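Q: Hello! I would like to learn how to read a protein model, one feature at a time. Could we look at one together?

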Amino acid sequence: MKYPWKKLLPRYLILVVFMLVVLLPIWGMFTSAFKTSTEIMGGPFSLPSNWSLDNFGQAWRVGRFNVFFKNSVIVTTAVVISSVFLSTLSGYAFGALPLPGKNWLFPLMLIGYMVPFEAVIIPLYKLMDTIGINDTLWALILPQVGLSVSFGTMWMASFFENTPGELTDAATIDGCSRWQTLWHILWPIAKPAVTTLLVLIFMWTWNEFLLALVLVQNEALRTLPVGLAFFQGKYTANIPLMAAGAIIVALPTILIYVLFQRFFIRGMLGGAVKG
Amino acid sequence: MANVTNKYPGESRWKGWLYLLPALLVYLLFTFLPILETIRSSFFQWDGFSQNKVWIGLANYAELFTDPKFHNALRNNLIFVIFYSIIPIMIGLFLASLLSRRPIPGFAFFRTALFLPQVISMVVVGVIWRWMFNPIFGPINTFLRQIGLDSLAISWLGDFTWALPAVGSIGTWVQYGFCMVLFLAGMQHIQDEYYEAASLDGANAFRQFIHITVPGLRSEIAVALVTTIIAALRVFDLVYTTTRGGPGESTMVTGFLIYRAAFTNNRIGYAAAIATVLTVIILIISLFIRRFQRQGIEENA
């Protein structure tokens, strides 16, 4: 049953208005990155006369976004891979293995998923100092793995709980060990759940700001969001340069979102929301 | 769930611990123990680096509850709840009700676009909106001048009255698409028969919305409420990049107050007390979300 066009048209118009409210600021920022400083004054939504990449080059080298980008890639890759791996193991323990103490372990893990970062940041600073990794990328990676496995464990546990018992029983009869059952039987069918977890942890880690702001002081160790925040303080009037920096920060998450949209939306509707 | 208790012949009942241990250790060391340490610190007076760490009992909490700066920050967080939560949910319900029941061509594109702010770094969102609100060449003031409202073209983020609603409306911009998508997903579970029966009874679209759609989305509305409220309570990145709490204290929020107390004013104990109070508030609300989610799942099953 479809709408007749008379009913469809007003619906379209309203939707378009709300969509433009979302898209116009992003589009305006995007085009600003290609403009010159004088063109910025010529109207916010005018198009650049020349789609030049000069601003990106300047942000990349002079603004040191090349360094920040590299740091973000290292931190995000390390956090995503280790969190998904550890969460698969611990989720399997909760969802499919005998686990004495499960009743108090589960709420214990749950707390980490619910607390705001503000609750952990103060002692973390001191802790990094004590174990001697202050001002290294490890100081960003380890806490974010800790926070991510909290959500990841619950996410994977609920997947393993809902896999049919016949499947693992059959594997047992065939002589598979628990380890083999996990990787040969369950892992292949876990792909949608794992992909969702992967893209969510990717997005959270890539966008994380407070930990990265506090736990490293060395400019050469900043991640992209922190780099952009300091960049903004320094070049506050240079809109084209800042727009170029903002696009470098946002583009990877936007690309992954467009490619894996289904997984993103499912995960975030499942109660995982950014702070 | 027979497989949970099924034991392999000769398998230790502690096998699960072997799989849990790596994740548990990282979690305990870098998340759980720091939470406990924050709570412990809140009973001390400490500058963060000296040996002079003095137990002062509940004094930090006593100070907190009479500190006008904390009251102001908490009040601003509550005003953010209106912008982050109430308004986006109303817009989301309105949009979802326009779309719900029949397929609209090209809908997938609208959904992709409306959800987009959710995936962008809040620092980038802050950069975008500082440009939008720029008093001289920002799009908002340019537009106001073009339609002859020059007197309204003020310095939004630098104004004592308007900075808070200006930053708050950025939250609205981020959240309403999320609410819409959430509600649309929920509407798929409302049976068409209800609407058909209501139509036969002569109920108009508005009455159908109030009496069928809204009650049918009860658990989704609860999820939206609690998630967006938590976002409003822990806001930090956005305030840091747009106003740093200013002008004066007009956009100061609890998250930023913690940051300032701990890392600018070196009052670790006091910052820990604020963080503990904020955490308790958020935990209480989070427990609600879990309950409503579980109810939602049971209803759908």
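This is a predicted model: local features need pLDDT of at least 70, side-chain atom pairs count only at pLDDT 80 or more; totals for chains, interfaces and linings use all residues.

Q: Which numbers describe how α1(A) and α13(A) cross?
A: Let's begin with the general idea. Two packed helices are described by the angle between their axes and the distance between the axes. Here α1 covers residues 5-32 of chain A and α13 covers residues 239-259 of chain A; their axes come within 7 Å and cross at roughly 115°. Angles of 65 to 115 degrees count as roughly perpendicular, and α1(A) and α13(A) are therefore roughly perpendicular to each other.

Q: Which residues of α1(A) and α13(A) meet?
A: From α1(A) come M29(A), F30(A) and S32(A), and they meet I239(A), P240(A), A243(A), A246(A) and I247(A) of α13(A). Sorted by class, this contact has seven nonpolar residues, one polar residue and no charged residues.

Q: What does α13(A) do with α6(B), and how do their axes cross?
A: The axes of α13(A) and helix α6 of chain B (residues 122-132) come within 9 Å and cross at roughly 150°. That angle makes α13(A) roughly antiparallel to α6(B). The crossing is left-handed. On the α13(A) side, I239(A), M242(A), A246(A), V249(A) and A250(A) meet V123(B), V124(B), V127(B), I128(B) and W131(B) of α6(B). This contact has 10 nonpolar residues, with no polar and no charged ones.

Q: How many residues of chain B are in contact with chain A?
A: To read an interface, look at how many residues each chain brings, and then at their classes. In this model, 86 residues of chain B touch 87 residues of chain A. Helix α2 of chain B (residues 15-41) gives the most to the chain B side, with 19 residues. That side divides into 60 nonpolar, 19 polar and seven charged residues.

Q: How do α8(B) and α11(B) cross?
A: Now try a pair within chain B. Helix α8 (residues 163-187) and helix α11 (residues 218-233) of chain B have axes that come within 10 Å and cross at roughly 160°. Angles over 145 degrees count as roughly antiparallel, and α8(B) and α11(B) are therefore roughly antiparallel to each other. The crossing of α8(B) and α11(B) is right-handed. Among the residues that meet are G171(B) and Q175(B) in α8(B), and E220(B) and V223(B) in α11(B). By class, the contact has six nonpolar, four polar and one charged residues.

Q: What secondary structure does chain A have, and how many helices?
A: Chain A has 14 helices and zero strands. Of its 275 residues, 49% count as buried. The C-alpha trace of chain A spans about 75 × 65 × 30 Å along its principal axes.

Q: Where is W187(A), and how far is it from W51(A) in space?
A: W187(A) sits in helix α9 of chain A, residues 178-189. It has 13 other C-beta atoms within 10 Å, so W187(A) is partly exposed. W187(A) and W51(A) are 136 residues apart in sequence, and their C-alpha atoms are 46 Å apart in space.

Terms used
Residues are numbered from 1 along each chain as its sequence is written. Chains are lettered from A and ligands numbered from 1 in the order in which they are written. Axes are lines fitted to C-alpha atoms, for helices over the stretch in contact, and angles run from 0 to 180 degrees between N-to-C directions. Helices (H or I, at least four residues) and strands (E, at least two) are DSSP runs, numbered from the N terminus. Angles under 35 degrees count as roughly parallel, over 145 as roughly antiparallel, 65 to 115 as roughly perpendicular and the rest as oblique. Two residues are in contact if their C-beta atoms, placed from the backbone, lie within 7 Å. Ala, Val, Leu, Ile, Met, Phe, Trp, Tyr, Cys and Pro count as nonpolar, Asp, Glu, Lys and Arg as charged, and the others, Gly among them, as polar. A residue is buried if 20 or more other C-beta atoms lie within 10 Å of its own, exposed if 12 or fewer, and partly exposed in between; C-beta atoms are placed from the backbone. A crossing is left-handed if the near helix is turned anticlockwise from the far one by less than a right angle, and right-handed if clockwise.
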